[in-house]
Amino acid sequence: MDIGIDMIELSKMRKSIQIPGFIDKVFSKEEIELYKKRKNSIDVLAGRFCAKEAFVKAIGTGVKNFELNEISTLTDESGRPFMVLSKNIIGDKQISVSITHTNEYASAAVVVY
C-alpha cells in the first residue's frame, strides 16, 4: 500500500489557471466540465489538482510516461471522489482518493493498493 497527500492554497490555483494552456494541460475534459457545471468554483480544480499530485506521490514515479490530464478525479452519485486513468499506469492496483477544502486551502489523500 502506498499513500500520497497534497495541499494547495486556493489563491495559488486562481493564479495558475490564468496561465494560458494550464487548465487543458493539467485537467481532463471531464474535470473541466465539472468545474464549469459547479459555476467555476476554484475548489473543484484545486482539489483535483491535489488528488493528481497525491497520486503521483503515492506511485513514486513522478509524472513519467503520462500527462496529468490523463488522470481524472470524478465523483459518483453520492459525491464520493474516484480516479480514472486513461493509461494503465499502475497495473491491477486499486485507488482510493479523498478530497477536502476550506475557504483558503484544498487537500487530497490517495492510497494505491
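Visitor: Why is I95 called partly exposed?
Guide: I95 has a relative accessible area of 22%. Buried means under 20%, exposed means over 50%, and partly exposed is what lies in between (1.4 Å probe, protein chains only). The value of I95 falls in that middle range, so I95 is partly exposed. Before we go on: this is a predicted model, where local features need pLDDT of at least 70 and side-chain atom pairs count only at pLDDT 80 or more, while totals for chains, interfaces and linings use all residues. Residues are numbered from 1 along each chain as its sequence is written, and side-chain values use heavy atoms, leaving out hydrogens and water.

Visitor: Where does I95 sit, and what does I95 touch?
Guide: I95 is in strand β4 (residues 95–101); strands (E, at least two residues) and helices (H or I, at least four) are DSSP runs, numbered from the N terminus. Setting aside neighbours within four places in sequence, I95 has contacts (heavy atoms within 4.5 Å) that include F55, V110 and Y113. M1 is 94 residues from I95 in sequence, yet their C-alpha atoms are 9.9 Å apart.

Visitor: What makes Y113 partly exposed?
Guide: Its relative accessibility is 48%, so Y113 also belongs in the range in between. Y113 lies in the segment after β5 (105–112).

Visitor: How many aromatic pairs are there?
Guide: Two. Rings of Phe, Tyr and Trp (its six-membered ring) pair if their centres lie within 6.5 Å; planes under 30 degrees apart are stacked, over 60 edge-to-face, and the rest tilted.

Visitor: What makes α4 largely enclosed?
Guide: Of its 18 residues, 15 are buried, so the rest of the structure largely encloses α4.

Visitor: How do you know that the span of α4 agrees with expectation?
Guide: The expected span is 1.5 Å times one less than the number of residues. For α4 that gives 26 Å, and its end C-alpha atoms are 26 Å apart, so the two agree. Just after α4, G60 takes a positive phi of about 75°.
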